[in-house]
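This briefing sets out how two protein chains meet and how parts of their folds are built. The sequence and structure are shown first, and the points that follow are grouped by topic.

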Amino acid sequence: METILSIKKNIEFKILKINSDDSIKQKLFNMGVHPNDKYIKTMGKGPVVIKNISHNSTQIALGSDLASLIAIEIV
Amino acid sequence: MGAERIKTICLVGQPNAGKSTLFNVLSDIKSSTSNFAGTSVKVMESKINIYGETIRLIDLPGTYSLNYTDIAEKVTFDYLLKEKVDLVINVVDASILSRSLELTQEIIEMGIPMVVALNMTDEAESIGLEINNGKLEELLNVKVVPTTAIFGKGVRNLIEVAYYEMQKTDLKSNTFKFTAHIEDVINVIENDITAKGYFPNINPRFIAIKCIENPSIIQKTNSNLDTDVYDDLRKKIEAEHHKQCFETISYERHHISMSLSEKIAKQTKKERGPFSRKLDNYLLDPIFGYVALILFFAVMFFVIFYVGSTITGILDPLAADVIASYQSLRGVNMLLFLTVDGLFQGIVGAVGIVMPYFVPLILMMSFFEETGYIARVAFLVDGVFNKIGLNGKSVAAFIMGIGCNIPAIYATRILESHRDRVISAILIPFVPCSARVSVIFALTAAFAGPLWAVIVFLFVILVIAINGKVLARFLKKPTSMVLEIPELRRPSIKVSLGKTYFKLMDFMREAAPYLIIGSIVLAYIEYLNVAKYLDYVFYPVVHTLLDLPSQLGSTLIFGFLRKELILVMASQAMGVATIADLPLTTNQIIVFIIFVTLYFPCITTFFVLVKEFGYKVAFGSAGLSIVVATIGALLFRIYFEIVGIIV
């Protein structure tokens, strides 16, 4: 399964599932990172940067460990 | 008859929404602002006067949600739940409206009267976002005031509307409903909470929703409320949605926000102006980003070094002339001479040595904070910080430490894990604050040149890395970074100059008296020969281990109070007019700088460590710093003995 870490820069994707622990999942939700929204990976092979393209938002940086726990579907 | 209660208005909003800027515009107090999430981690309070009535204005730390995930956010949650708040000004970043409205919904759920400050409207316009304020007012049933706080635009109107709304007794925002079966559960819990009388100041609906999505935060706030009794109701929702309750509620809230946002905002042109995005492509790039980072710090370093040393060079002969002018007092009245000499040495220390380095440093740091570049640095160094047991998010606290270690220790509140907070707090006192930067620059400028200042800073980075690595060995893996990268903003010269001015005033109020009084006290204890006893205490380290003049021992005591004192005290203790005349070799100066830079955080930092982490961490940090300072300085001494005298 593809994760945010595994895909290349500038690829648009939809988050399917966040497999992190609950506190990090809550943090992501609070910061506007939600399953089913569309994102683009704007930067990174180590830590990554993503941006929600479903609505106006700021960019969110994720550590590589976390990026590897977020399952996605390329759109 | 008792005094009338002062009403309270709270500024609540997500990080970077501009609360602190708004607070600064509305009050006389200048709270710390920056373009980085979580800069304001404490409750700031000011009294303001509206139409002759005194109002308490509170700036609460930014929070993405009332489901807090770090200590700074918990401060906001606790304040809203426990204090009597008459009105909330919900500061919303208009350019990211959809996400911001998720917090707005939660505040509405609390039932506290509210006004929305639709801030950064200029930025929303620049990205082509057209917002129908009237429609938003209608949908929320709260007053919405567009503002651009950084330019003070709309702020007067906002406070007048807030005041007017606060007088009303029938304010009721629209409630946003969840799916019907969730609403059924909310109603059951709400009735139960109302019957039991918990949280009388808060809408029971808010508590009921939190009991479903995040019962632990309610339990922590009021342990009498046993949220376990609602377990079956929660399980029912989980069974219906096949996911945990907090995910379901969050999803629904997100959906409501998206739907509200679609109704009130229209994208009239495509995306943000290309410049900031193009610049980001370079600043976040793993190669160009590091080049930019090194260049940035190099420029900052050399500007501070040369501006500082040039001003000091101009002031030094003037200081020497004035010192010569009152030497005749020595034969007339020794007490008067000591007082005048101590006073003047203190003033010279403050104005002639510390400020030439301090002012350019804080001015450049202010520009730096305003741009949003700190978040880019955090992203870049995440991998490196992982290797020393932290994640990139800690970098903000470390960078703040360059200005002053105290806000840096508080800034660790933005870190989600206690482990990361403790490691960061132990390491931050090694970051040279503006006082120590002044010591490093002033002494290297007088004796060794800029290369040695660079070597000292690189050594400090190495010390932080080694200590982080060692500490991380004892503690589990770091948590992964989750960090907002705010849009790059052009720093406002007015705001940066304002921040520099207020920090300079703080320095004049807090540090300068220490320098002047400390200098007079040292003059007396030197005269009364008390200093030699203090020198004995430090003799084994200062003289035996580090081969420095024993007279420097007593100056270290003053360094516990403020590190800038070292500069004044050193020349005074050694009986010379300026630091350039210190009878030390360049090797000894470098050894001295290393020790002074690393040993013991100043007393205020120590007490902040106690307050935030307890005595164990504070004494651990202080003890570690003394050991590390001694070993570090000793290593330099040994190195110099091997390679010989460098100058």
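In this predicted model, strand S4 of chain A and strand S9 of chain B (residues 482–485) pair in the antiparallel sense over 4 bridges. Within that pairing, A:Gln59 stands opposite B:Ile485 in S9(B). The predictor assigns the complex an ipTM of 0.95 and a pTM of 0.85. For chain B, the average pLDDT is 87, and 96% of the residues score at least 70.

- Strand S3 of chain A (residues 48–52) pairs with S4(A) in the antiparallel sense, over 4 bridges.
- In that pairing, A:Val48 stands opposite A:Leu62 in S4(A).

**The contact between chains A and B**

- Chain A contributes 25 residues to the contact, and chain B contributes 32 residues.
- On the side of chain A that touches chain B, helix H1 (22–30), strand S4 (59–62) and helix H2 (64–67) of chain A each supply at least two residues.
- H1(A) gives the most to this side, with 7 residues.
- The side of chain A that touches chain B comprises 11 nonpolar, 12 polar and 2 charged residues.

**Helices H16 and H18 of chain B**

- The axes of H16(B) and helix H18 of chain B (residues 395–403) come within 9 Å and cross at roughly 125 degrees.
- Because of that angle, H16(B) is oblique to H18(B).
- H16(B) passes H18(B) in a right-handed crossing.
- B:Ile374, B:Val377 and B:Ala378 in H16(B) meet B:Val395, B:Ala396 and B:Ile399 in H18(B).
- The residues of this contact divide into 6 nonpolar, no polar and no charged.

**The mixed sheet of chain B**

- Chain B also has an open sheet of 6 strands in the order S2-S3-S1-S4-S5-S7, and its pairing is mixed.
- Strand S2 (44–50) and strand S7 (143–146) of chain B stand at the edges with a single partner strand each, so one side of each is left without a neighbour in the sheet.
- The twist of this sheet averages 25 degrees from one strand to the next.
- Strand S1 (residues 7–13) and strand S4 (residues 87–93) of chain B pair in the parallel sense over 5 bridges. The bridge partner of B:Val12 in S4(B) is B:Asn90.
- Helix H1 of chain B (residues 19–26) packs on the sheet, where it touches S1, S2, strand S3 (53–59), S4 and strand S5 (114–119) of chain B. The direction of H1(B) makes about 155 degrees with that of S3(B).
- S1(B) and S3(B) pair in the parallel sense over 5 bridges, and B:Lys7 stands opposite B:Ile55 in S3(B).
- S2(B) and S3(B) pair in the antiparallel sense over 7 bridges, and B:Met44 stands opposite B:Asp59 in S3(B).
- S2(B) and S3(B) form a hairpin with 2 residues between them. In the turn, B:Tyr51 has a positive phi of about 45 degrees.
- Helix H5 of chain B (residues 133–140) lies across S5 and S7 of chain B, running at about 150 degrees to S7(B).

**Helices H25 and H26 of chain B**

- Helix H25 (residues 552–561) and helix H26 (residues 565–573) of chain B pack at an angle of about 160 degrees, with their axes 8 Å apart.
- H25(B) and H26(B) are therefore roughly antiparallel to each other.
- Their crossing is right-handed.
- Residues making the contact include B:Leu552, B:Phe558 and B:Leu561 of H25(B), along with B:Leu565, B:Ile566 and B:Met569 of H26(B).
- By class, the contact of H25(B) with H26(B) has 8 nonpolar, 3 polar and no charged residues.

Methods:
Residues numbered from 1 in each chain as written. Chains lettered and ligands numbered in written order. Predicted model: local features only at pLDDT ≥ 70, side-chain atom pairs only at ≥ 80, totals over all residues. Contact = placed C-beta atoms within 7 Å. Nonpolar A, V, L, I, M, F, W, Y, C, P; charged D, E, K, R; others polar. Pairing = 2+ DSSP bridges. pLDDT = per-residue confidence, 0-100. Axes fitted to C-alpha atoms, helices over the stretch in contact; angles between N-to-C directions. Parallel < 35°, antiparallel > 145°, perpendicular 65-115°, else oblique. Left-handed = near helix turned anticlockwise from the far one by under 90°.
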